[in-house]
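Me: I'm new to this one. Can you walk me through it, piece by piece?

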Amino acid sequence: MAWLRNPIGLGIAALLAIIVAASTFAIVPETEQAVIVRWEQPQGTVNRWKEGEALGQTGAGLMARIPFVDRLVWIDKRVLNLDLENQPVLSTDQQRLEVDAFARFRIVDPLRLVRAVGLSNGAELRVTNQLSPLFASALRSELGKVDFRALLSPERGQLMDNIQVGLQKFAKNYGVEIIDVRIKHADLPEGSPLQSALERMKNTRQQQALTIRSQGQRDALVIRAAADTEAAKIYSDAFNQDTAFYDFYRAMQSYRYTFGPDGAGKMPSGDTNMILTPDNSYLKQFENGGR
């Protein structure tokens, strides 16, 4: 044991102990899952995500493994994002759209993930690259079943749910759970297609406005005709009760129309005279008190 009294020997022993300890023990953070790989075969998972688990009561912390045999592949335990930018979509009304969307997902089965995408670190990026074209396919498939107006209506929520279900069918093969899918915006492409679509929308709205206006005018004529008929009936019933008053009333209306300042037949300005004989029947209402 003389080598234990040698500082160099002590240093080498301490270094070997540190190397063995580093190869044996590891600290698993709360935000990470660790897949144990032995002889290039995944054996198990440490701190795997479980629904409803409380922070501080997970499998995170110090762990031991077989030194120089086992290695760890780190998998993110947090919610991750998958973004799609400017995806071309053709709707049922032949509108070419550019859609931006994103999905939020979590890795719930790290063993299945590393078997699907490889046993090295960076599996999150690789699964994102694998899911991106599948997400785009599910997006185009679902949006291709509806017209452009559906993206501006409450039906949009159901569309996103359908896209999530379609994407989950593929994501489960990677040990991934799709939490949510959202469409950020859906726009018509810039340039002449956009202008043509805007012109079609404008013409459609103008036609709708013209139809509504015509229907309103038709309804107004019907209502006015019915009101005039009812008014004439009321006048007829009222005047038939006193024919003398009716003659007087009609004569006053005629005088006002002929001589009054607001009548349609008022005299032109200047020295204009109207000559009538005293016995003219038109002036009978001025004779003998109108009798």
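Reply: One term to begin with. Buried means under 20% relative accessible area, exposed means over 50%, and partly exposed is in between (1.4 Å probe, protein chains only). At 5% relative accessibility, Asn47 counts as buried.

Me: What kind of model is this?
Reply: It is a predicted model, where local features need pLDDT of at least 70, side-chain atom pairs count only at pLDDT 80 or more, and totals for chains, interfaces and linings use all residues. Residues are numbered from 1 along each chain as its sequence is written, and side-chain values use heavy atoms, with hydrogens and water left out.

Me: How many helices and strands does the protein chain have?
Reply: The protein chain has 6 helices and 8 strands. Both are DSSP runs, numbered from the N terminus: helices are H or I with at least four residues, strands are E with at least two. Along the sequence the pattern reads α-β-β-β-β-β-β-β-α-α-α-β-α-α.

Me: What share of the residues is buried?
Reply: Buried residues make up 31% of the 291 residues in the protein chain.

Me: Back to Asn47. Where is it found?
Reply: Asn47 is in the loop between strand 3 and strand 4 (61–64). Its phi is near 60°, a positive value in a residue other than glycine. Most residues other than glycine have a negative phi.

Me: Which other residue has a positive phi like that, near 55°?
Reply: Trp39, whose phi is near 55°. Trp39 is found in the loop between strand 2 and strand 3.

Me: Is Trp39 buried or exposed?
Reply: Exposed, because Trp39 has 64% relative accessibility.

Me: What do strand 2 and strand 3 form?
Reply: A hairpin, with 2 residues between the strands. They pair in the antiparallel sense over 5 bridges. Two strands pair if DSSP finds at least two bridges between them. Ala34 stands opposite Val46 in strand 3.

Me: And how many bridges join strand 2 and strand 5?
Reply: They pair over 7 bridges, in the antiparallel sense. Gln33 stands opposite Ile75 in strand 5.

Me: In what order do the 3 strands of the open sheet run?
Reply: The order is 3-2-5, with antiparallel pairing. Strand 3 and strand 5 are the edge strands, and each pairs on one side only. The twist averages 30° from one strand to the next. For angles, axes are lines fitted to C-alpha atoms, for helices over the stretch in contact, and values run from 0 to 180 degrees between N-to-C directions.

Me: What lies across strand 2, strand 3 and strand 5?
Reply: Helix 2, running at about 150° to strand 3.

Me: Which residues of helix 2 are buried?
Reply: In helix 2 (residues 110–117), they are Pro110, Leu111, Leu113, Val114 and Val117. Seen down the axis, these buried residues fall within an arc of 160°, so they line one face of the helix. The arc is that of the directions from the helix axis to the C-beta atoms.

Me: What do they pack against?
Reply: The buried residues of helix 2 pack against strand 2 (32–38), strand 3 (41–46), strand 5 (70–76), strand 7 (96–107) and helix 3 (123–143). Contact here means heavy atoms within 4.5 Å.

Me: What follows helix 2?
Reply: Gly118, with a positive phi near 125°.

Me: New topic. How many salt bridges does the structure hold?
Reply: It holds 7. A salt bridge is a side-chain nitrogen of Lys or Arg within 4 Å of a carboxyl oxygen of Asp or Glu.

Me: Which residue pairs with Asp70?
Reply: Arg38, with the closest N and O atoms 2.6 Å apart.
Reply: Asp70 is buried, with a relative accessible area of 7%. Arg38 is partly exposed, at 29%.

Me: What about Glu32? Which side chain of opposite charge is nearest?
Reply: Arg78, 4.9 Å away. Glu32 is buried yet has no salt bridge. For charge, Lys and Arg count as positive and Asp and Glu as negative, while His and the chain ends are not counted.

Me: Which residue does Arg78 meet in a salt bridge?
Reply: Asp76, at 2.9 Å, N to O.
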